[in-house]
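We will go from the overall fold to single side chains.

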Amino acid sequence: MSDEGDFVLIVTIIKKGWGDEVVKASRKAGAQGGTILFGRGTGIHENKSILGLMIEPEKEIVLTIAESEIADNILKSITEAVKLDEPGTGVGFIVPLDKVFGITRYFCEIHEKSQKSLK
């Protein structure tokens, strides 16, 4: 378990079908991967109907745990890949993590990289 506070959770909420693009962009920027969850939007711009029937817009939520030092690069890569700076494309945010567990292999790789850089 890591309790050093050096990891963040990057959350990206986009239209259905764009989750893979978010994961590709985050991996390109240095993330190890991500988790795609499915949901539905309830925002003020989400209420659409056809013939009087409400359409529930489907969303994908991508969760990515990354080192805080590369979070800005990942955020920039995601924003460019799925055009998050344009209205109606989605939203993203970063949450600092106090403790991370269950990814010991990842911690070992980080430790090996830091040891090599010290030499």
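The tour below moves from the whole chain to its core and then to its charged pairs.

**Before you start.** This is a predicted model, where local features need pLDDT of at least 70, side-chain atom pairs count only at pLDDT 80 or more, and totals for chains, interfaces and linings use all residues. Residues are numbered from 1 along each chain as its sequence is written, and side-chain values use heavy atoms, with hydrogens and water left out.

**Stop 1: the whole chain.** Switch to cartoon. You will see 3 helices and 6 strands. Their order along the sequence is β-α-β-β-β-β-α-β-α. Helices (H or I, at least four residues) and strands (E, at least two) are DSSP runs, numbered from the N terminus.

Of the 119 residues, 29% are buried. Buried means under 20% relative accessible area, exposed over 50%, and partly exposed in between (1.4 Å probe, protein chains only).

**Stop 2: the core.** Select I10, I14, V22, I74, I78 and V82. These have the most contacts inside the largest nonpolar core, which has 15 residues. Such a core is a set of buried Ala, Val, Leu, Ile, Met, Phe, Trp, Tyr and Cys residues joined through side-chain atoms within 4.5 Å. Elements β1, α1, β5 and α2 (71-82) each give two or more residues to this core. Helix α2 supplies the largest share, 4 residues.

Which residues does I14 contact, leaving aside neighbours within four places in sequence? Select G19, V22, K59, E60, V62, V82, L84, T89 and G90. Contact means heavy atoms within 4.5 Å. Across the chain, among contacts between residues at least 6 apart in sequence, 76% join residues at least 24 apart.

**Stop 3: the salt bridges.** The whole structure holds 2 salt bridges. Each needs a side-chain nitrogen of Lys or Arg within 4 Å of a carboxyl oxygen of Asp or Glu.

- Select E58 and K16. Their side chains meet at 3.0 Å, N to O. E58 is in strand β5 (residues 58-67) and K16 in the loop between β1 (7-15) and α1 (19-28), 42 residues apart. E58 counts as partly exposed, at 46% relative accessibility.
- Select K24 and E21. Their side chains meet at 3.6 Å, N to O. Both lie in helix α1, 3 residues apart, about one turn of the helix. K24 is exposed at 54% relative accessibility, whereas E21 is partly exposed at 38%.
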